Amino acid sequence: MRKLFDKKAGVKTRIGLVEITVARIAKTSSALHEICTQIDLHANDIFTFTQGMKEVTIITETKYEKTILDILKKHKLIKRIDNLSALSVFLPEQAYETRGVLYLAMKTLYDAGINIVEVVSTLTELTIIVDEEDTEEARDALKEMVKEYS
C-alpha cells in the first residue's frame, strides 16, 4: 500500500478556535482583505476562510474574534461556533492522486464517534475541526490511523 500520511509529522492539534459564518454581500471581498491586514498571517495561527455563493465561513483563533466581528458588522451573522479545535495530519504531495485518503480520515473519526464540524485542506495538510471536548479522542484515533498507513 502507498504511504498515505507523514508519520514523522504526526497529528498536530490546536485548541481555542472559533468559527464565524456570515452572509455574503457586495462588500465581503473588501472586508476579507481588511481582516487579512488586521491579523498576523505570519504567526503560527489557524486562519482560514471559505467563500461560498451565499455565505462566508472563517475559522481562526479566538483572539481574533472581536476584530473579525467588528470588520464584519455590516454582514448578517448566520452562525458562531466556539470551543473548537483543529487536528492536522500531513500528507505526501502525491496524496491527491490516491482515492480514499480523505475518506479514511473521516471514517476513522466516524468510527470513534467524533462529530466533524468542518474540514479544511491544502495540498499536503488535512485539517479537521471538531469540538474541543473531542480533541483528545480524535487525536488518538488519527494518530493510530497515521501509524497504520505510514
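In this predicted model, the largest nonpolar core has 21 residues, and among them Phe-5, Val-89, Leu-109, Ile-128, Leu-142 and Met-145 touch the most other members. At least two residues of this core come from each of strand 4 (77-90), helix 3 (101-111), strand 6 (125-131) and helix 4 (135-148), with helix 4 giving the most, namely five residues.

Leu-109 shows how such contacts are made: leaving aside its neighbours within four places in sequence, Leu-109 is in contact with Ile-114, Ile-116, Ile-128, Ala-138, Ala-141 and Leu-142.

Six strands form an open sheet in the order 2-3-1-4-6-5, and their pairing is antiparallel. Strand 2 (47-51) and strand 5 (118-121) are the edge strands, each of which pairs on one side only, and from one strand to the next the twist averages 25°. Within this sheet, strand 4 and strand 6 run antiparallel and are joined by seven bridges, while Leu-87 stands opposite Ile-128 in strand 6; Ile-128 is also one of the residues that touch the most other members of the largest core.

| Helix | Strands it lies across | Angle |
|---|---|---|
| Helix 1 (28-38) | strand 1 (11-23), strand 2, strand 3 (55-61) | about 175° to strand 2 |
| Helix 3 (101-111) | strand 5, strand 6 | about 25° to strand 6 |

Terms used
Residues numbered from 1 in each chain as written. Predicted model: local features only at pLDDT ≥ 70, side-chain atom pairs only at ≥ 80, totals over all residues. Heavy atoms only, no water. Core = buried A, V, L, I, M, F, W, Y, C linked by side-chain atoms within 4.5 Å. Buried < 20%, exposed > 50% of the residue type's maximum accessible area, 1.4 Å probe, protein only. Helix = DSSP H or I, 4+ residues; strand = E, 2+ residues; numbered from the N terminus. Contact = heavy atoms within 4.5 Å. Pairing = 2+ DSSP bridges. Axes fitted to C-alpha atoms, helices over the stretch in contact; angles between N-to-C directions.
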